[in-house]
Structures are given as C-alpha cells and as structure tokens.
Amino acid sequence: MPPAHPFDDDKLREECGVFGVIGVEQAANFTALGLHALQHRGQEAGGIVSHDPEQGFNSARRFGYVRDNFTKASLMDTLPGPLSIGHVRYSTAGSKGNTQIRDVQPFFGEFSMGGAAIAHNGNITNAGALRRELIERGSIFQSSSDSECIIHLMARSLQRDVPARLEDALRRVEGAFSIVAMTRTKLIGVRDPLGVRPLVLGKVGDGWALSSETCALDIIGAEFVREIEPGEMVVITKDGVDSRRPFRSKKGRFCIFEHVYFSRPDSILGGRSVYETREAIGRELAKESPVDADLVCPVPDSGTPAAIGFSLESGIPYAMGIIRNQYMGRTFIEPTEQIRNMGVRLKLNVNRALIKGKRVILVDDSVVRGTTSRKIKEMILDAGAKEVHFRIASPPTAWPCFYGVDTPERSKLLAANMSADEMADYLGVDSLKFISLDGLYRAVGEAKGRDPKSPAYCDACFSGEYPVEPADMIEQGFEMKTAAE
C-alpha cells in the first residue's frame, strides 16, 4: 500500500476512521467522501454498508485507497439508500499486516428484529477472553478482528431492539471504542466511558452525520454540531437525535496523541483547532529547549505546524529544508536492492541550497524506532549542514498503546531503552530534545500542566499509566509500569 507518511515503517499509526450518514439521497456517496477525508486514519482497506427500503442492506469491502475503489459509479450504484456507514482501517488487532477481506469493516449481523452493521475505531483490551467465551458457547467467528466480538455479544443479548443490544454488548467490552452502527432506520454512535477515541456529530441538509473527525464533515458540507461525549450513545432517526447514557459516568481520558499527530490539522478536537494546538506545541518546545541555529525545518508533513510555532517563538527563520515528493505511491520500478537502498530519497529530498553551511533545527512529531531519524540526519549532513538539532513535538514514546494504535512492542521503542542523551548519541545529532509531558499538557490547554493524580488525557504511550488495564496483553506477559518507574 502507498504509505500515509513518508516513513510509514517508523510512525505510530492510527488504526481506523468511521463515518455514517442518515437522511440524504445516495448516502453511500456521502460516506465515500467522508472516508476519503479520513484516509489518513487507515489506508489498508475500506468498507461501506448502505440500506435502501426496497433493496435492503448492501455492502462493499475493498483493499486500498477510497479513491481507487469508492469513486466508481458501477460500485456506488450497488449501494443505494438514505442510510450508510463506512470504515477505513489499519490492522492493530487481528491479522496485523496480513488482512483478509473478511477482516474489513463494517461488520454485518442479521438479528431476529432485523439486520445491523457496525464500524469500530479503537481496540478491545479483553477481546481474547470474550472470544474464547463466545466460541465455547457456540459462536462462529468469520474474522480475526476484535470488533467482531461486539456483533456476537449483540446476537446473544435478550434485549428487544438493536440499540439496546448494542448497549448490552458494550457493557461487556473493555478498552477504547468509538462506534458508528446502523439498522434499517437508525444511525447509532457510541463512545466508550473514557472517550479515548474521537467521534463527532454533524448536520447535513435534513439529515445527520457521524464522523471520527470534523474534517470529514467539511468535505460533505455538513455543519459541525458537537462531539459525542464520553460514555454517550446517540440514536438518530428521521425524527432527530436521541441521547442516552448507557455506562457509569467517568472522567474522560481522550488520547492526547490525537492532538500531536493522528488527527488532521484542519480538524477540531475538544473545541480546539488541531493546527493551533500543534503550533502551540512548537512554541512550548522552543521555550523548553532553545538552541542557537540558523533555520527551523519541519520533517514533512507532520512536523510542519510545530515547526512554525517553534520558529515564531524562537525568532529563528522557518524554512522548507526537506521537500516531500507528493507523488510517491507504489514503487514505480522494480524494488531491487539498489532501489531499496535509496529508501528515504524516493520520498524526500533535501533543499541543498538552503541547508548548506547552516545550523538546522529539525522538528518532528515523534521518535519511535529511530531508524527514520538517522536517515534524515544523514541526508541533512550530506547536504552540507553545519549542525543538526532534533526537537520532538511529543514526549518520548516509551510504552505501547493498546487502545487502537499500531505501536511496536516495548523492546523496539527507542525511548524505552535509552535516555534522551543516549538517543542523541545513537542518532548522531548535535542535540535531541522532547517536549515535556507538562509542556504538552500546557499546549493542549491545561495551564497547570499534567495533574498526576487525575490526568485529563490518556497519555499511556508516554507515561506508562494505562487508564484501562490491558487484560489480554497482561495475559500474554506484558509487564505494567512499576512504582519504581
């Protein structure tokens, strides 16, 4: 697949995006547009389910980009009706990197009171235990996805309608979930009690839309109404939006990395512009870790807003020292060893005339394995840079995420095994500084920084403090953070 980022192998990857719409003609076309806007959340595969009063439920699931599949009239004509949901995915649970078409959502189930489809963003941390229990009771799984557990739990519920069965099922589920589901007449949205993953509500003409991010509402001309709140379920029909609270109330713990990297910069999260938050992160980084230099350069594209903020705060000129090849997709020639060794250069090129003889600050969103950072540093030095200083717009990523983000195991995370100074030596740069966790919290609007007794966000990938115990992973031997750490 074409990468979402020039260095797809060295970035944390959000696993999926969800979208749904009700009360519009050719709803599946709206869903396809929404998924296109959410493509950054998952490029591996996508699926759409629609319902038409005369033709019933129809679905299409395909590998690859939305634009390569769901723009063809021959396909979209098979998805009629005023109600539709869709999903784009990376695999974080199930068959990672080896997805079968049966793993592609939305999943569909036929119940006694009618059919229902479900699309899930997040990760179920007790899916292994639930799956074993369901199989022992006779359930037959069609996919390797943790999300399929929800359909089976719904099938076994004794509740009389689909929304009530979904509530019933989700009370058994642990972890993170933002869900868009549909019946013949209803569009349903749910967020887990901590609200780890995003979900928003929009108004489009006489109808309604649900989306992982506001940027997907923009593309269909929908008005952003509000975020679905943590622990809230909305059931939308032709009569309007009914809000329910199926879970015990908890303080929300939204994923702070959505602000740093996952969400598109033109989206709104928690009432804040993602772009403005990333610029504020750059400003905070410049205050915390100043350095004498000639240029501030972003690592495209995710480091750009933070680099602008760093430049504005420090007074050091901003420059496009690295240029991304916008047309980099599938390798256009046979990937021989010689071509593979070109690696980063197929995707990025250094602006030599600008870099030569300069002290350069490179701003990136994160350091995961460190492989990419080393390659970029070598390119900058090869272009004649005098000094290379890395400034990272997130704290060190030292712990894996179990709530819907594709993270390497802890042993492969550079920050889990080295201090910042050791990482700087390993990468071969003049300096390497990360924003502090308190600094990140200040940048996202928490003026006093992080409250260690009651953090406002999920920051487990930085702190090792997991708001929901990852039961399946602990069973497999994962060791939680100790008091000494």
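1. Y318, M320 and I323 form a nonpolar surface patch of about 240 Å². Patch members have over 30% relative accessible area and no salt bridge, with nonpolar side chains (Val, Leu, Ile, Met, Phe, Trp, Tyr) joined within 5 Å; a salt bridge is a side-chain nitrogen of Lys or Arg within 4 Å of a carboxyl oxygen of Asp or Glu. Areas are Shrake-Rupley values with a 1.4 Å probe, and for residues only the protein chains shown count as cover.

2. A word on the basis: this is a predicted model, where local features need pLDDT of at least 70, side-chain atom pairs count only at pLDDT 80 or more, and totals for chains, interfaces and linings use all residues. Residues are numbered from 1 along each chain as its sequence is written, and side-chain values use heavy atoms, leaving out hydrogens and water.

3. I323 sits in strand β19 (residues 322-324); strands are DSSP E runs of at least two residues, helices H or I runs of at least four, numbered from the N terminus. I323 counts as partly exposed because its relative accessibility is 39% (buried is under 20%, exposed over 50%, partly exposed in between).

4. L217, in helix α7 (residues 215-219), is buried, at 0% relative accessibility. Beyond four places in sequence, L217 touches V200, L201, G202, A209, S211, A222 and F224 (contact: heavy atoms within 4.5 Å).

5. In the largest nonpolar core, of 71 residues, L362, I380 and L432 touch the most other members. Such a core joins buried Ala, Val, Leu, Ile, Met, Phe, Trp, Tyr and Cys through side-chain atoms within 4.5 Å. Another core, of 27 residues, lies apart from it and includes F107 and F247.

Conventions: Patch = residues over 30% accessible without salt bridge, like charges linked within 9 Å, V, L, I, M, F, W, Y side chains within 5 Å. Buried < 20%, exposed > 50% of the residue type's maximum accessible area, 1.4 Å probe, protein only.
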